[in-house]
Amino acid sequence: MINLNQLRKCYSHIPVLDNLSLHFGYGRTTALLGPNGSGKTTLIKSILGLVKPDSGTIHVSGTAVSNDGSYRRQIGYMPQVARYPDNLTIREVLGMISELREEEPKRLHELFKVFELLPHAEKNMKSLSGGTRQKVSAVAAMMFDAPILILDEPTAGLDPLMARRLKDLIITEKAREKTILLTTHIVAEIEELADDIAFILEGSLLFHGSKSELQHATGQQSFEQAVSSLQKNVTFRRAA
């Protein structure tokens, strides 16, 4: 569970997070939406402890982020584009992550099979395709069986079969009462995977609620139309 209270972060006196408060609960998948520059990346980095907000608080399962870095062990993170040492093999990269985390992976073999990585385990990262690197990132995020998953454009670069397998895993993890925070630009993925929508504009929360609440709030019959309505509202506000 993640609680954000009145987060504020400025760069060069420009607010990137503007008194933003959010709650991400157990057994829920929340899609974090918003145009480029809306504050999504800063929000995620703040949860991960990579950015320190100017004010406000973040609690992960009751632990204040500013007080104890050990909370990160509760999080599995899959970045949109991960950077790995080119000279290391897949197995060495995952071993390095385990050493840094000081934790043994619980699901490594299972995930290797799901993403068909066993034949590539001894290949150097520099020789891998973008899709295979993305599969490595998925394994790294899930191999410790963390109760919180933060997934940034997780299916980007994956072929349809692997994207389906990853989405099935996300659905399974939600059923296991995990807290999942997801970013994606694919409306069909949001509709399939997310329970809740958090839409951020210029560092402020424009909407937070369930998919049905979004449709009701926008007066749209379909979820795709509801998301489009939010986007149009962003365009209108910026033009004004």
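## A well-covered helix

Helix 1 is mostly covered, with seven of its nine residues buried; buried means under 20% relative accessible area, exposed means over 50%, and partly exposed lies in between (1.4 Å probe, protein chains only). The buried residues of helix 1 are Lys40, Thr42, Leu43, Ile44, Ser46, Ile47 and Leu48. Helices (H or I, at least four residues) and strands (E, at least two) are DSSP runs, numbered from the N terminus.

This is a predicted model, in which local features need pLDDT of at least 70 and side-chain atom pairs count only at pLDDT 80 or more, while totals for chains, interfaces and linings use all residues. Residues are numbered from 1 along each chain as its sequence is written, and side-chain values use heavy atoms, with hydrogens and water left out.

What does helix 1 pack on? To see that, start with an open sheet of four strands in the order 2-1-4-5, with antiparallel pairing; two strands pair if DSSP finds at least two bridges between them. Strand 2 (14-24) and strand 5 (63-64) are the edge strands, each with a single partner, so one side of each has no neighbour in the sheet. Helix 1 (residues 40-48) packs on this sheet and touches strand 1, strand 2 and strand 4 (55-60), its direction making about 60° with that of strand 2. Such angles run from 0 to 180 degrees between N-to-C directions, with axes fitted as lines to C-alpha atoms, for helices over the stretch in contact.

Strand 1 (residues 2-11) pairs with strand 2 in the antiparallel sense over eight bridges, and Tyr11 has Ile14 in strand 2 as its bridge partner. Lys9 also sits in strand 1 and counts as buried, at 12% relative accessibility. A polar atom of the Lys9 side chain lies 3.1 Å from the backbone oxygen of Lys52. Leaving aside residues up to four places away in sequence, Lys9 touches several residues, including Thr42, Val51 and Asp54; contact means heavy atoms within 4.5 Å.

Another open sheet has six strands in the order 6-7-8-3-9-10, with mixed pairing. Its edges are strand 6 (75-78) and strand 10 (204-210), each with a single partner strand, so one side of each is left without a neighbour in the sheet. From one strand to the next, the twist averages 15°.

Strand 7 (residues 148-152) and strand 8 (residues 179-183) pair in the parallel sense over five bridges, with Ile180 in strand 8 as the bridge partner of Leu149. Helix 5 (residues 160-175) lies across strand 3 (29-33), strand 6, strand 7 and strand 8, at about 145° to strand 8. Within strand 3 you will find Thr29, which counts as buried at 1% relative accessibility.

## Nonpolar cores

In soluble globular proteins, nonpolar side chains tend to be buried together. Here, the largest nonpolar core has 33 residues, and those with the most contacts inside it are Ile90, Leu94, Phe115, Val139, Met142 and Leu166. A nonpolar core is a set of buried Ala, Val, Leu, Ile, Met, Phe, Trp, Tyr and Cys residues joined through side-chain atoms within 4.5 Å.

Helix 2 (90-101), helix 3 (108-114), helix 4 (130-142), strand 7, helix 5 and strand 8 each give two or more residues to this core. The largest share, six residues, comes from helix 4. Not counting residues up to four places away in sequence, Leu94 touches Leu108, Phe112, Val136, Val139, Ala140 and Met143. A second, separate core has 22 residues, among them Ile2, Tyr71, Ile150 and Ala198.

## Salt bridges

How many salt bridges does a search of the whole structure find? There are 20, where a salt bridge is a side-chain nitrogen of Lys or Arg within 4 Å of a carboxyl oxygen of Asp or Glu. One of them joins the side chains of Arg165 and Glu116 (3.2 Å, N to O). Arg165 lies in helix 5 and Glu116 in the loop between helix 3 and helix 4, so the pair ties together parts 49 residues apart in sequence.

Lys174 and Asp195 form another salt bridge, with their closest N and O atoms 3.1 Å apart. This pair links distant parts of the chain, with Lys174 in helix 5 and Asp195 in the loop between helix 6 (187-193) and strand 9 (196-201), 21 residues apart. Asp195 is buried, with a relative accessible area of 16%.

Definitions and conventions. Polar contact = N/O pair within 3.5 Å; in protein donor to acceptor, adjacent residues only side chain to side chain.
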